[in-house]
Amino acid sequence: METLLFLFPHFNFSAPEKEAYFNMFDPGDDNALLRDENSRFRDKDRKSRLSLLLSKSGSHENVSPEKKATTTVNSTSPATALRWSDSFEELLNDSDGVKTFTQFLRTEFSEENIEFWLACEDYKTTESNTKLPSKAKQIYAVYIENDSPKEINIDHSTRVAIQKIIAKPTTTCFDVAQGTIYALMKKDCYPRFLKSDIYLSLTRRKAPGAMTRRRSRSFVFNDRGEPAFGSDSRL
């Protein structure tokens, strides 16, 4: 004890253990280190609770919601799904048809086409002229502008024409681009959709498989020139 008093004459051995420990190093501020230690404990506790919360919620996963596989069961009846094959217009007039078609386009990484078309449909119903500029700029920034997040495939002249009028947009400023994307989906995507497993599973039909090989009988001629049938074979 005498040795300790000699080394640390300012040390109060009658103080609580934790406080006494810190007085050995900073006798001038008895409470500062204690507050700093308590703050570290609180920070560590908050981090632990946050980590637990994130692990339970799954919000730590860096996965885009648009790319997650849908787990919603499609309750479309076979009769309804079959009507979608009547025409592309019939498909787009059905909300379930649009959802299913969008799901198919995601498998081809081209969902921006239907999303742009839907955005234009919504844009054209805007009644307030004061809202047109902000909505037009949003559509332009997402789908039209070069290197935009969901840039659609339109020709350069159409892109430039939209760029010139985007400052003072009208309800028809995207009509040409929308028509181009509509024609692309109808001619290119829609036929593949009708042959996809996503669609055929709703109609209770199977995708076309390999061609069935028909059976034939091989034969040879005997010494008298008459045919002699052999074993069955497949062509």
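In which loop is Phe109 found? Phe109 is located in the loop between α6 and α7, helices being DSSP runs (H or I) of at least four residues, numbered from the N terminus. The model is predicted, with local features requiring pLDDT of at least 70 and side-chain atom pairs counted only at pLDDT 80 or more, while totals for chains, interfaces and linings use all residues. Residues are numbered from 1 along each chain as its sequence is written, and side-chain values use heavy atoms, with hydrogens and water left out.

Although not a glycine, Phe109 has a positive phi of about 55°. Most residues other than glycine have a negative phi. At 64% relative accessibility, Phe109 counts as exposed (over 50% relative accessible area; buried is under 20%, partly exposed in between, with a 1.4 Å probe and protein chains only). Asp147, in the loop between α8 and α9 (156-165), also has a positive phi, near 65°, and is exposed at 73% relative accessibility.

Helices α7 (residues 112-123) and α8 (residues 132-144) pack at an angle of about 170°, their axes 11 Å apart. Axes are lines fitted to C-alpha atoms over the stretch in contact, and angles run from 0 to 180 degrees between N-to-C directions. The two helices are therefore roughly antiparallel (over 145 degrees). Their contact (heavy atoms within 4.5 Å) includes Phe116 and Ala119 of α7 and Ala136 and Ile139 of α8.

The largest nonpolar core has 36 residues; such a core is a set of buried Ala, Val, Leu, Ile, Met, Phe, Trp, Tyr and Cys residues joined through side-chain atoms within 4.5 Å. Its largest share, 7 residues, comes from α10.

Definitions and conventions: Angles under 35 degrees count as roughly parallel, over 145 as roughly antiparallel, 65 to 115 as roughly perpendicular and the rest as oblique.
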